[in-house]
Amino acid sequence: MECPKCSSKWSVKNTAPSSDTTRLHLRRKVSEFLAWYSDDYVVRLRFCQNCGYSAITVELEISDFTSIIRICMNEKPDVFLKKKGEKCLHLTE
Ligand SMILES: [Zn+2]
């Protein structure tokens with residue numbers, strides 16, 4: 001991936017798959033958003049050597065991703081729209 005701040009290479013510094021029990025600090029932030037749906041995802045801590053920007057990214061199967069969006073929009077459009085602006089799109093903060 002490219003660093004969203006400077007477009008240099010955005011390297012993986014740490015990875016926590018769903019079976020990982022030693023990197024719970026990485027998974028905790030994501031679990032806050034995804035626990036209602038699944039705990040089967042991969043969390044990666046990325047770091048840019050150029051500008052120092054660091055953030056967490058999440059790897060999900062595309063069918064899970066589209067399913068999550070569909071459920072949110074169909075069942076709780078008000079909450080989804082609010083969360084979209086406030087949190088859902090900022091999982092890497
Ligand atoms: Zn950068």
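Modeller: Helices (H or I, at least four residues) and strands (E, at least two) are DSSP runs, numbered from the N terminus. On that basis the chain has three helices and three strands, and along the sequence these follow the pattern β-α-β-β-α-α. This is a predicted model, in which local features need pLDDT of at least 70 and side-chain atom pairs count only at pLDDT 80 or more, while totals for chains, interfaces and linings use all residues. Residues are numbered from 1 along each chain as its sequence is written.

Two strands pair if DSSP finds at least two bridges between them. The three strands form an open sheet in the order 1-2-3, with antiparallel pairing. Strand 1 (10–16) and strand 3 (54–59) are at the edges with a single partner strand each, so one side of each has no neighbour in the sheet. On average, neighbouring strands are turned by 30° against each other, direction ignored; the axes behind this angle are lines fitted to C-alpha atoms (for helices, over the stretch in contact), and angles run from 0 to 180 degrees between N-to-C directions.

Strand 1 is joined to strand 2 by six bridges, and the two run antiparallel; here Thr15 faces Arg44 of strand 2. Six bridges likewise join strand 2 (residues 42–48) to strand 3, again antiparallel. Along this pairing, Val42 has Glu59 of strand 3 as its bridge partner, Arg46 stands opposite Ala55, and Phe47 is opposite Ser54. Strands 2 and 3 make a hairpin with five residues between them, and Gly52 in the turn has a positive phi of about 85°. Most residues other than glycine have a negative phi, and most peptide bonds are trans.

For the surroundings, a residue is buried if 20 or more other C-beta atoms lie within 10 Å of its own, exposed if 12 or fewer, and partly exposed in between, with C-beta atoms placed from the backbone. Ser7 counts as exposed because it has 11 C-beta neighbours inside 10 Å. Arg28, in helix 1 (residues 24–34), also counts as exposed, with 12 such neighbours inside 10 Å, and its C-alpha atom is separated by 9.7 Å from that of Val43, 15 residues apart along the chain. Helix 2 (residues 62–75) should span 20 Å for its 14 residues at 1.5 Å a residue, and its end C-alpha atoms are 20 Å apart, which agrees; the expected span is 1.5 Å times one less than the number of residues. None of the 14 residues of helix 2 is buried, and in the chain of 93 residues buried ones make up 10%.

Confidence is given as pLDDT, the predictor's confidence in each residue, from 0 to 100. The chain mean is 83, and 81% of its residues reach 70 or more. Confidence is highest in strand 2, at 95, and lowest in helix 3 (residues 77–86), at a mean of 59. Over residues 88–93 pLDDT stays under 50. Where pLDDT is low, the predicted coordinates should not be read in detail.

Methods:
Contact = placed C-beta atoms within 7 Å.
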